[in-house]
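Q: I have a model open and would like to learn how to read its features. Could you take me through it step by step?

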Amino acid sequence: MTNYGGLPGEFSGEHNAAIVILPVPYDETSTWQKGSDKGPDAILEASANMELYDIETETEVYLKGIYTSDPVTEKTSPEKMVEAVFFRVRDFLDKGKFPVVIGGEHSVSIGSIKAFAGHYRDLSVLQLDAHSDLRNEYEGSENNHACVMARARDVASIVQVGIRATDSVELSSMDKERVFFAHQIQENDAWMDRAVELLSANVYITIDLDVFDPSIMPSTGTPEPGGMGWYQSLRFLEKVVAKKNLVGFDVVELCPATSNKAPDFMTAKLIYRILSMHFSKNTPRK
Ligand SMILES: [Mn+2]
């Protein structure tokens, strides 16, 4: 399997890389369509076909070095997987790297969020997702994919964007001041500044790809109609990156389809665009 970006050794070695891609091909608790364990390989394969010059920031972020690490393969239980991700992410943070976790189902974010919360004071977790994921436990585990934001809220403040499916049991624990439902963000971009204001200084972003509309992102386990668009999402992410300190992010729930590679490529490019935004932040444009 290729490294992220299909980079030559001088830009993909661990020692010199500012950025680490951590694949977590885990799909054990998802409820409907399986297949997100194939997500990381599909993202890496697609990424090798990207142009590495970013038009919007006029930069080549791969020059900072992007190391693709060995995947986390722990599968014996959700708890063991969460712990394994936690230790791997913590290790990269201790080494001063900028970690990006690629899933895998959404429960892979839990260990990552815990590692970031241990490393950074004043952390908030921004969730882009069709689902609120606020159940305290589900199917016997507090580390189920349906519990991700309940676990995030244990250790950080949260803001939820793009939500369009929830269970009534989650409503009582939902802070609607911090939720931007999909139907409320369609008319214009006024909500974006309000969402950014709710975030603390250091921000971790968890992106469940089902936040996007299934017309552009059909390759998810639970495609919900009425999702976000490509440029709408990027306009929002640009505001977040410009006004806050992005410390890391994850992209999860790609269930690749062999008949349609566009969603795999979109995911690879989404990661590259966010990295380009962050690492060009204090660099004057040419
Ligand atoms: Mn979701």
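A: Gladly! We begin with axes: they are lines fitted to C-alpha atoms, for helices over the stretch in contact, and angles run from 0 to 180 degrees between N-to-C directions. Helices (H or I, at least four residues) and strands (E, at least two) are DSSP runs, numbered from the N terminus. This is a predicted model, where local features need pLDDT of at least 70, side-chain atom pairs count only at pLDDT 80 or more, and totals for chains, interfaces and linings use all residues. Residues are numbered from 1 along each chain as its sequence is written.

Q: At what angle do helix H3 and helix H4 pack?
A: Two packed helices are described by the angle between their axes and the distance between the axes. Here H3 (residues 78–94) and H4 (residues 108–119) pack at about 40 degrees, with axes 7 Å apart. That makes H3 oblique to H4 (under 35 degrees is roughly parallel, over 145 roughly antiparallel, 65 to 115 roughly perpendicular, and the rest oblique).

Q: Which residues of H3 meet H4?
A: Contact means that C-beta atoms, placed from the backbone, lie within 7 Å. Among those in H3 are Val82, Val85, Phe86, Val89 and Leu93, and they meet residues of H4 including Ile110, Ala115 and His119.

Q: How is burial read, and how many residues of helix H2 are buried?
A: A residue is buried if 20 or more other C-beta atoms lie within 10 Å of its own, exposed if 12 or fewer, and partly exposed in between, with C-beta atoms placed from the backbone. In H2 (residues 39–47), seven of the nine residues are buried: Gly39, Pro40, Ala42, Ile43, Leu44, Ala46 and Ser47. These buried residues pack against strands E1 (19–24), E2 (66–68) and E3 (98–103), and against helix H9 (262–279). Over the chain, buried residues make up 49% of the 286 residues.

Q: What should I look for in the backbone angles?
A: Most residues other than glycine have a negative phi, and most peptide bonds are trans. The peptide bond from Gly103 to Gly104 is cis, with omega near 10 degrees, and Gly104 lies in the loop between E3 and H4. Glu139 has a positive phi of about 50 degrees, and so does Glu253, at about 75 degrees.

Q: Is Glu139 exposed or buried, and what about Glu253?
A: Glu139 is exposed, with 12 other C-beta atoms within 10 Å; its place is the loop between strand E4 (123–128) and helix H5 (148–155). Glu253, in the loop between strand E8 (245–252) and H9, is buried, with 30 such atoms within 10 Å.

Definitions and conventions:
Contact = placed C-beta atoms within 7 Å.
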